[in-house]
Amino acid sequence: MKFKHLCILVILPLTQVVQGQLSDLARVEYTTLPGLSTDFAFNRIRALINYPVKLKGQGSFLVFGLDYSNIDLTFGEEPRPFDQSQI
């Protein structure tokens, strides 16, 4: 019985027409949270490129995309001690 429900949940979305809305053909993001007086820092770089291909029919497109993301989280050199008995 459970297997039947699982098959329906997996196969049903594959049979439906999927419609989506992409707002960006290309995007570059850079986020930084400097540590200032602490030794903590957070930097993120993200680049996104989408390439639409027109399909037969009115207003039908297939969109291929490439997404790159790099996250740099820095805590400094010294270890962070904590009470392991609370875990």
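Is Asp-67 buried, partly exposed or exposed? Asp-67 is partly exposed because its relative accessible area is 45%, where buried means under 20%, exposed over 50%, and partly exposed in between (1.4 Å probe, protein chains only).

Before we go on, a word about the model: it is predicted, so local features need pLDDT of at least 70 and side-chain atom pairs count only at pLDDT 80 or more, while totals for chains, interfaces and linings use all residues. Residues are numbered from 1 along each chain as its sequence is written, and side-chain values use heavy atoms, leaving out hydrogens and water.

Strands E2 and E3 (residues 61-74) run antiparallel and are joined by 14 bridges; strands are DSSP runs of at least two residues, numbered from the N terminus, and two strands pair if DSSP finds at least two bridges between them. Asp-67, in E3, is the bridge partner of Leu-48.

The side chain of Asp-67 also meets that of Arg-46 in a salt bridge (2.9 Å, N to O), meaning a side-chain nitrogen of Lys or Arg within 4 Å of a carboxyl oxygen of Asp or Glu. Side chains of opposite charge can pair when their charged atoms come close.

The whole structure holds four salt bridges. Another joins Glu-29 and Arg-44, with the closest N and O atoms 2.6 Å apart. Glu-29 and Arg-44 also belong to a salt-bridge network with Asp-24 and Arg-27.

Notes: Helix = DSSP H or I, 4+ residues; strand = E, 2+ residues; numbered from the N terminus.
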